[in-house]
Amino acid sequence: MVINFFAEQCQSQTNQIKFGICDDPSPSKHPAYIDKENSHKWIAIVENNQGIAVVFTAIDNCIEILRPDGKMSSRCDCMLTYDSKIIFVELKERNYKNSEWIEDGDRQLRKTIEVFKHNYDLTDYKSKKAYIANRKKPHFQYSHKERMQKFRNDTGVRLSIENIIRIP
């Protein structure tokens, strides 16, 4: 079954200089969304200093990705696309012990990217990035270079663990 990662009902577009990506707290079954005004709700901050037209696509709770057993697969929250570039984003807002939230985000991004690659040619994109963003822990006490390098080796996508996404 082909999965449409570009379903119009899951998309919105903006060229706003600065906006946020939000995801209402559990148990909400609503997809992630962009917000231009209520910065207190932003989990990830997108800095788009050149005002480039960016397409936001909600994935979790919007695009159906099923496991072989028919149950819903774990997936990242959203993706941003512009000028032949793609950014997968996993939003985290809870306080976790240690780096559990990073491991969880890594797993969700990997699953989403794997399914995306089965449906689209990732080499069509000049730049491929993924972000794990946590508003509660925007700064980290140690480096995750090894994890980020392994992620890139395994997926072909560059991983960043921070809550500020810069366009371009």
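**Leucine 109 and its surroundings**

Leucine 109 touches Cys76, Phe88, Val89, Glu90, Ala130, Tyr131, Ile132, Phe151 and Leu159, residues up to four places away in sequence not being counted; contact means heavy atoms within 4.5 Å. The model is a predicted one, in which local features need pLDDT of at least 70 and side-chain atom pairs count only at pLDDT 80 or more, while totals for chains, interfaces and linings use all residues. Residues are numbered from 1 along each chain as its sequence is written, and side-chain values use heavy atoms, with hydrogens and water left out.

Let me turn to the core. The largest nonpolar core has 25 residues, and Leu109 is among those with the most contacts inside it, together with Phe5, Phe88, Phe116 and Ala130. Such a core is a set of buried Ala, Val, Leu, Ile, Met, Phe, Trp, Tyr and Cys residues joined through side-chain atoms within 4.5 Å, where buried means under 20% relative accessible area with a 1.4 Å probe, protein chains only. Its largest share, 6 residues, comes from α1. Helices (H or I, at least four residues) and strands (E, at least two) are DSSP runs, numbered from the N terminus.

Next, the sheet. Six strands form an open sheet in the order β1-β5-β6-β7-β8-β9, with mixed pairing; two strands pair if DSSP finds at least two bridges between them. β1 (11-14) and β9 stand at the edges with a single partner strand each, so one side of each lacks a neighbour in the sheet. β8 and β9 pair in the parallel sense over 4 bridges, and isoleucine 132 has isoleucine 161 in β9 as its bridge partner.

How values were computed:
Buried means under 20% relative accessible area, exposed over 50%, partly exposed in between (1.4 Å probe, protein chains only).
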